[in-house]
Amino acid sequence: RDILVDGNYVHDNGSVTQPDRMHGIYSEAIGIIIQNNRFGPNREGSLGNQLKDRSTGTIVRYNWFEGGTRAIDLVEPEDSFPVVEKMPERRATWVYGNVILLGARASSRPIHYGGDNGAENKYRKGTLFFYGNTVVVTTNERDQYYMAVLQLETDDESADVRNNIIYRPGTTHLSW
């Protein structure tokens, strides 16, 4: 409970033997703030995410994300679900003031909100508040033909998106 991850440099992480299972930060807590961190590129050959979070009451602010398959992956709780199921904070996730650089190895859906284990009753089913972020997409069409910056997993998730800058000097086909 009440975890603060502040002022770290996370880089060269991941696994090549389980390339999509190791992430820069993989968290599940009640009340977590991830702030003022720099996420650098993963280890060569790793397909892990920069931040994978299964927490309740998540705030992601003032970070620098560069590299990783998904920059920010906000999905359902696993072990804590029986404890957090009815908590109102489970329905609100805050992501603001971050710089997110999406290059050649980025996912076609680099910011993900909702769930990923198939048990939709456990998904976040709330609102992602996405404010004041800067997203720079340098991905080129030959590396990633199409990119949707934000993926909501089901129709039960929503996003309140305001005052962001999306800049695409690359040639990938981009949608919000």
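Author: Strands (E, at least two residues) are DSSP runs, numbered from the N terminus. This is a predicted model, where local features need pLDDT of at least 70, side-chain atom pairs count only at pLDDT 80 or more, and totals for chains, interfaces and linings use all residues. Residues are numbered from 1 along each chain as its sequence is written, and side-chain values use heavy atoms, with hydrogens and water left out.

Reader: OK, what's the bridge partner of Asp73 in E12?
Author: His112. Strand E9 (residues 72-74) and strand E12 (residues 111-113) run parallel and are joined by three bridges.

Reader: And what order do the strands of that open sheet have?
Author: E3-E6-E9-E12-E16, five strands with parallel pairing. Strand E3 (25-27) and strand E16 (150-152) each have a single partner strand, so one side of each is left without a neighbour in the sheet.

Reader: Switching to rings: how many aromatic pairs are there?
Author: Five. Rings of Phe, Tyr and Trp (its six-membered ring) pair if their centres lie within 6.5 Å; planes under 30 degrees apart count as stacked, over 60 as edge-to-face and the rest as tilted.

Reader: Why is Tyr62 with Tyr96 edge-to-face?
Author: Because their planes are at 85°, with the ring centres 5.7 Å apart.

Reader: And Trp94 with Phe129, why stacked?
Author: Their planes are at 10° and the centres 4.1 Å apart, so that pair is stacked. Trp94 and Phe129 also form one aromatic cluster with Tyr131.

Reader: Is Phe129 buried or exposed?
Author: Buried (under 20% relative accessible area, exposed being over 50% and partly exposed in between, with a 1.4 Å probe and protein chains only). Phe129 has 16%, while Trp94 is partly exposed at 32%.

How values were computed: Two strands pair if DSSP finds at least two bridges between them. Helices (H or I, at least four residues) and strands (E, at least two) are DSSP runs, numbered from the N terminus.
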